[in-house]
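This briefing is intended for a reader who is meeting the structure for the first time. Please keep the sequence and the 3D view at hand while reading the points below.

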Amino acid sequence: MCSSTKRVNAFVRLRPSADFPQDMIKIGQDNQTIDVYIERDSSKGVVNNKQTDWSFKLDGILHHAAQDLVYDVVARDLVSQALDGYNGTIICYGQTGAGKTYTMTGTTEHYEHRGIIPRAIQQVFKAMEEHSSQFITIRVSYLEIHNETIFDLLSSTPHAPGPPLSVVEGLQGVSVKGLTLHTCPSEEMALNFLFEGDTNRTVGQHALNSHSSRSHCIFTLYIECHSRIMSDASFVTSKINLVDLAGSERLAKSKSEGRILKETTYINKSLSFFEQVVIALSERNREHVPFRQSKLTYTLKDSLGGNCNTALVANVCSEAVHVVETLSTLRFATRMKWVTTTPVVNEKYDTERLLKNVEKEVLYLKEELAVHNSLLNRPPVTYEPLNEIQVAEINSQVRRFLEGTIDELEIVSLRQIQEIFNQFKAILSQQEQEVEARLRSKYTLIDKNDFATLSVVQKAGLVDADGHMVGEVDGQGFGIGVAPFSSKPGGKRAKIKKGREQSSTAPRKEGLASPVSGKELDSVSPSRSQGFSKDQETKEAQDVLSVETHRSESVPKDDTAVQPSCPPARTAAFEDFKNERGSEINRIFKENKAILNDRQKKRSEVTQRIGVLRQEIDTARQVLEAHKLEREQQGEYLNEEGQVIIEEEEFLLLVKLKDLRKQHRADFSEFRELHSEVQYCQHLVDQCRRKLLTEFEIWYNESFLIPEEVQEALKPGSGALRLGMIPINRVLTLDEDEQERFDRMQEEVLPYCPASVSFYNAKAKTDRKHKYSRAMTALEQMRKKPSGIQPVVKNKPPSVLDIA
């Protein structure tokens with residue numbers, strides 16, 4: 001895959017002005033040079049060596065340029081290369097009010113004034129129609145960096161408190177963790193996401209700009225191209241970052257205060273870090289580039305000096321009063337030209353298709369081998385996996401070879417060789433198990449790989465300084481812990497042990513059937529686990545039945561005697577809603593609640609089992625400690641090698657403790673799984689409860705809270721409407737309906753520009769959504785504040801929040 005180094009393309013766009021300073025700003029004939037001249041300040045004295053003129057060489061000067069010309073010069077080639085697998089980034093930089101947002105997004109009032117982002121979307125979807133041999137998938141995302149915090153502008157609640165989005169770096173480059181990607185099958189849907197995100201942006205006003213962007217925004221197009229003709233597993237991916245930076249501000253000119261002042265501080269700080277990164281990248285021998293100083297530079301790490309085609313549009317104000325800011329912007333654009341990138345095609349492989357291709361190749365090679373063997377008169381060889389009969393035959397041959405019945409094995413294929421070695425391993429493992437079974441029938445064995453039992457035995461003092469177990473046999477890794485009958489102590493000690501065994505038989509029988517792990521049980525004591533389950537069950541036992549009737553006693557008694565025009569009590573209406581419109585949601589809620597109760601019951605049972613096992617483990621430990629203390633007091637018995645010998649009863653207690661711990665691990669794992677299931681079921685139950693209450697609120701508002709006078713006024717032929725009297729079910733029908741709006745658009749726009757249909761459809765859809773939101777807000781205000789037309793209600797019914 002070839003790659004080449006390219007410089008960042010830097011362009012300057014001057015904002016049109018009626019007071020353009022011809023004597024201060026001059027554009028060269030080549031349309032790539034711009035000269036700035038400032039008169040010498042005579043108040044500084046005769047000797048004044050301050051520089052008064054500057055000249056900048058860039059890739060293009062856009063002066064009095066229309067939006068389509070700006071796109072053709074800056075973005076068209078970059079977007080075309082993105083369809084071939086190259087990443088692309090376009091950045092708009094400049095002071096506040098210089099036209100960055102207009103360049104990047106444009107306006108939605110006129111189709112010809114749309115900016116770079118809508119035109120890039122249109123070019124991508126036109127390319128999809130032209131490249132019929134490729135299957136292209138388009139996804140979009142829209143993020144905002146406001147006060148060094150990243151927000152998802154396409155989220156349903158973009159600025160709501162929640163887990164913050166973070167920038168992560170992996171093998172595929174830099175990405176934002178938690179950012180939502182939305183698939184767009186059409187241009188209209190992509191434009192709708194763009195317009196929706198624009199309405200969620202943070203804006204403010206100050207002395208220089210009445211509609212100033214207070215954050216950095218990045219709209220990203222993700223492109224994935226699969227070939228419809230070629231059957232290879234490779235495909236190309238790319239992304240286009242369209243960056244609208246917030247403008248730098250001078251507080252002396254913007255006169256920002258309060259929240260705007262705080263935002264200005266964050267904006268200028270991040271832009272300063274952005275310039276530091278550009279300076280570091282422009283220096284050839286610079287080892288460290290401070291990308292992580294801000295969220296902006298870290299997010300754009302791939303776009304600045306990475307795998308990307310990058311272009312910069314430096315927006316400047318052409319008025320003489322802003323000449324200092326113009327010089328600063330032009331200096332930054334010149335530095336940006338020295339930054340180099342290395343764009344390469346992002347080629348990836350589809351693992352599923354690659355696997356299918358490999359399977360086809362294997363089948364083809366098998367057929368080739370079969371033809372080759374037949375031409376050389378070789379015996380037929382199967383390349384398929386061995387069946388059960390063939391495996392049994394190989395097992396029989398191996399056993400006869402080990403017994404000496406046959407002297408050699410006939411080799412036919414590689415699969416046969418592998419199966420022969422497998423049979424050797426199986427026979428060896430079987431013989432080892434038989435030897436171990438015979439040893440266990442005669443002795444009590446301790447596996448040296450069982451670290452839990454070894455640690456207990458070491459604490460009991462049964463291991464010498466060299467780490468050898470009592471009665472170690474032939475270096476086989478087993479210790480024999482049964483002392484001879486003649487060496488066993490008798491008398492009083494045996495009687496004491498017998499009495500203790502009788503007193504502890506009942507609790508230990510149950511423990512033998514439920515092994516437990518001690519390490520994990522230490523972290524969950526019986527009191528803590530039982531208390532946790534009890535509190536959790538008490539909290540989770542509140543279902544929607546209590547929600548429905550919680551406020552029934554607080555409903556005024558006069559509700560039943562009021563006029564029929566008064567809305568019914570919400571408790572009674574809620575019962576009707578559950579049986580009619582909300583029956584399906586209520587059924588799902590009850591099913592989820594039943595599953596939740598079942599999981600809670602099982603979790604409670606497991607918690608009780610863990611508590612019982614904990615008690616048995618403590619009892620077994622106490623008995624072992626008593627055995628150890630008694631053995632130390634009466635004297636320990638040693639074998640010929642000087643190693644301590646333990647009795648079989650004490651060893652059985654060690655084995656029992658091991659089994660109890662094993663069972664505890666199993667029960668504790670089951671407890672954690674059940675606890676996760678309970679949390680998930682509780683989430684579903686809460687979600688159903690919220691859905692049920694939300695749907696009830698909508699149904700109640702539509703059915704009872706719209707006054708009859710308003711309903712009469714909304715009928716065809718009625719008089720004019722008053723502000724705040726718009727009911728929910730008539731929000732979209734006060735103006736033109738969709739068909740009338742589409743017909744008018746066809747008459748006015750389509751004869752001149754047929755390609756604008758998607759643009760205006762997306763704009764109309766966004767406008768309808770905003771109109772609906774405003775109508776809902778007005779209706780809520782009408783409910784809270786009495787207006788000229790409102791039914792008389794003596795007692796206000798309780799709200800859904802009160803019921804919940």
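Tyr 349, Leu 354, Val 358 and Val 362 make a nonpolar surface patch of about 360 Å². A patch joins residues with over 30% relative accessible area and no salt bridge, like charges within 9 Å and nonpolar side chains (Val, Leu, Ile, Met, Phe, Trp, Tyr) within 5 Å; a salt bridge is a side-chain nitrogen of Lys or Arg within 4 Å of a carboxyl oxygen of Asp or Glu. Accessible areas follow the Shrake-Rupley method with a 1.4 Å probe, and for residues only the protein chains shown count as cover. The model is predicted: local features need pLDDT of at least 70, side-chain atom pairs count only at pLDDT 80 or more, and totals for chains, interfaces and linings use all residues. Residues are numbered from 1 along each chain as its sequence is written, and side-chain values use heavy atoms, leaving out hydrogens and water.

**Helix H10 and the patch**
- Helix H10 (residues 351-375) contributes the most to the nonpolar patch, with three residues; helices (H or I, at least four residues) and strands (E, at least two) are DSSP runs numbered from the N terminus.
- Val 358 lies in helix H10 and counts as partly exposed because its relative accessibility is 44%; buried means under 20% relative accessible area, exposed over 50%, and partly exposed in between (1.4 Å probe, protein chains only).
- The 25 residues of H10 should span 36 Å at 1.5 Å a residue, and the end C-alpha atoms are 36 Å apart, which agrees; the expected span is 1.5 Å times one less than the number of residues.
- Just after H10, Asn 377 has a positive phi of about 55°.

**Helix H12**
- The 29 residues of helix H12 (residues 414-442) should span 42 Å at 1.5 Å a residue, in agreement with the 44 Å between its end C-alpha atoms.
- Gln 416, Glu 419, Ile 420, Gln 423 and Ile 427 are the buried residues of H12.
- These buried residues pack against helix H11 (388-403), where contact means heavy atoms within 4.5 Å.
- An α-helix has 3.6 residues a turn, so residues three or four places apart point the same way.

**Loop residues with positive phi**
- Asn 31, in the loop between strand E3 (25-27) and strand E4 (33-37), has a phi near 60°, a positive value in a residue other than glycine.
- Asn 31 is partly exposed, with a relative accessible area of 38%.
- His 64 also is not a glycine, yet its phi is positive at about 55°; this residue is in the loop between strand E6 (60-63) and helix H1 (67-74).
- His 64 counts as exposed because its relative accessibility is 59%.

**Interior**
- The largest nonpolar core has 49 residues, and Ile 91 and Phe 274 have the most contacts inside it; such a core is a set of buried Ala, Val, Leu, Ile, Met, Phe, Trp, Tyr and Cys residues joined through side-chain atoms within 4.5 Å.
- Apart from that core lies another, of 47 residues, among them Val 74, Ala 127, Ala 190 and Ala 311.
- Phe 577, in helix H19 (residues 570-579), is buried, with a relative accessible area of 1%.
- Phe 577 and Leu 692 are 115 residues apart in sequence and 9.4 Å apart in space, C-alpha to C-alpha.

**The chain as a whole**
- The chain has 25 helices and 21 strands.
- Of its 804 residues, 41% are buried.
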